[in-house]
Amino acid sequence: MASNGDKPLIVSFGEMLIDFVPTESGVSLAEAPGFLKAPGGAPANVAIAVSRLGGRSAFVGKLGDDEFGHMLAGILRKNGVADQGINFDTGARTALAFVTLKADGDREFMFYRNPSADMLLRPDELNLELIRSAKVFHYGSISLIVEPCRSAHLKAMEVAKEAGALLSYDPNLREPLWPSKEEAKTQIMSIWDKAEIIKVSDVELEFLTGSNKIDDETAMSLWHPNLKLLLVTLGEKGCRYYAKNFRGSVDPFHVNAVDTTGAGDSFVGALLNKIADDHSILEDEERLRKVLRFANACGAITTTKKGAIPALPSDAEVLSFLEGK
């Protein structure tokens with residue numbers, strides 16, 4: 001554990017994998033002259049984002065008992081993320097993804113998982129003690145795609161909730177991984193009404209609502225009674241927030257974006273890190289806006305470097321960035 005042992009624990013559940021990123025931006029996978037190996041996986045990125053910002057985090061998931069899997073576990077430890085929730089599978093490989101960065105910094109994915117170790121996490125392999133000690137339990141939707149990982153995901157959510165954790169959900173839609181768009185939507189929505197904090201991107205908002213309007217009415221169609229905060233991230237246009245008693249938007253920071261990978265995870269990590277300390281922020285618009293401005297800064301900084309984890313900022317970096325604005 002890092003020296004932040006007195007901080008509330010944020011547990012991230014799901015996948016960690018290796019992204020292979022072209023050495024040259026704006027080309028297709030076939031045209032890429034070479035690839036850089038970059039650790040990734042949204043839940044793992046969030047865990048590291050929290051730790052970099054001085055929070056306390058743990059990761060729960062399964063990696064291949066191979067060189068890549070042990071490398072990823074080592075990266076988590078090196079970044080101060082607790083590893084008691086990690087399992088290794090001797091029969092399946094660590095997942096790989098080839099990620100092309102188009103000329104505008106946006107991404108396209110090609111995944112190698114058939115099946116990968118993360119898909120094979122079983123409910124009986126979960127470290128329930130670790131999950132019960134979470135103040136915030138964060139997850140995505142990729143772990144819902146196949147069994148047995150889906151059952152492990154549902155069990156982990158249930159245990160965290162019973163122990164009093166705040167449930168945080170970022171669907172992190174990756175269409176190529178799902179058998180169909182309909183299945184993706186059905187499964188993503190199957191756990192929707194359990195989460196108390198949900199973050200969706202503008203693209204995910206369109207996908208889940210079937211509307212091409214990014215407005216309050218469309219966003220509020222995703223609201224449910226258990227929800228404390230719904231966030232819609234708008235890339236270079238900042239973010240919108242919806243709480244029980246207020247709503248609004250927070251302006252973006254304009255930077256020279258090189259790679260948008262991990263920007264949303266950086267945003268989520270920053271938000272959860274602040275909320276874990278004090279849940280009452282969710283009911284105080286002025287304080288929430290400050291937290292979201294900080295989270296927007298984290299997201300912006302992350303886009304200025306290649307790869308997700310290497311680009312996640314420290315607390316000092318964010319404060320220095322904000323001072324310059």
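Predicted model: local features only at pLDDT ≥ 70, side-chain atom pairs only at ≥ 80, totals over all residues.
Strand S2 (residues 17–22) is joined to S3 by six bridges in the antiparallel sense. Within this pair, leucine 17 has glycine 40 of S3 as its bridge partner.

The length of H2 agrees with expectation, because 12 residues at 1.5 Å a residue should span 16 Å and the end C-alpha atoms are 16 Å apart. The buried residues of H2 are Gly69, Leu72, Ala73, Ile75 and Leu76. Seen down the helix axis, these buried residues fall within an arc of 155 degrees, and they therefore line one face of H2. The face turned away from the buried side carries Glu67 and Lys78, which are exposed. Packing against the buried residues of H2 involves S2 and S3, together with helix H1 (42–52), strand S4 (56–64) and strand S5 (82–89). Just after H2, glycine 80 adopts a positive phi of about 80 degrees.

In soluble globular proteins, nonpolar side chains tend to be buried together. The largest nonpolar core in the model has 44 residues, and those with the most contacts inside it are Phe13, Phe137, Tyr139 and Tyr169. Helix H4 (residues 149–162) gives the most to this core, with five residues. Leaving aside neighbours within four places in sequence, tyrosine 139 is in contact with Phe13, His153, Met157, Leu167, Ser168, Tyr169, Asp170, Ile191 and Ala195.

In helix H5 (residues 181–190), the buried residues are Ala184, Gln187 and Ile188. They cover an arc of only 100 degrees around the axis, so they are on the same side of H5. Glu182 and Thr186, on the other side of H5, are exposed. The cover over the buried residues of H5 includes H4, strand S9 (166–169) and helix H6 (202–209).

Strand S11 (residues 229–233) pairs with S12 in the antiparallel sense over five bridges. Threonine 233 has cysteine 239 of S12 as its bridge partner. The two strands, S11 and S12, form a hairpin with five residues between them, and glycine 235 in the turn has a positive phi of about 60 degrees. Strand S12 (residues 239–243) is largely enclosed by the rest of the structure, because four of its five residues are buried. S12 also runs antiparallel to strand S13 (residues 247–250), to which four bridges join it. The bridge partner of tyrosine 242 in S13 is arginine 247. S12 and S13 form a hairpin with three residues between them.

Asparagine 296 is located in helix H9 (residues 285–302). With a relative accessible area of 9%, asparagine 296 falls under the 20% cut-off and is therefore buried. Apart from neighbours within four places in sequence, asparagine 296 is in contact with Gly238, Cys239, Val250, Asp251, Pro252, Phe253 and Phe267.

Isoleucine 142 is found in the loop between strand S8 (136–139) and H4. This residue is also buried, with a relative accessible area of 8%. The C-alpha atoms of isoleucine 142 and serine 314 are separated by 27 Å, with the two residues 172 residues apart along the chain.

Key:
Residues numbered from 1 in each chain as written. Heavy atoms only, no water. Pairing = 2+ DSSP bridges. Expected span 1.5 Å × (residues − 1). Buried < 20%, exposed > 50% of the residue type's maximum accessible area, 1.4 Å probe, protein only. Arc of directions from axis to C-beta. Contact = heavy atoms within 4.5 Å. Core = buried A, V, L, I, M, F, W, Y, C linked by side-chain atoms within 4.5 Å.
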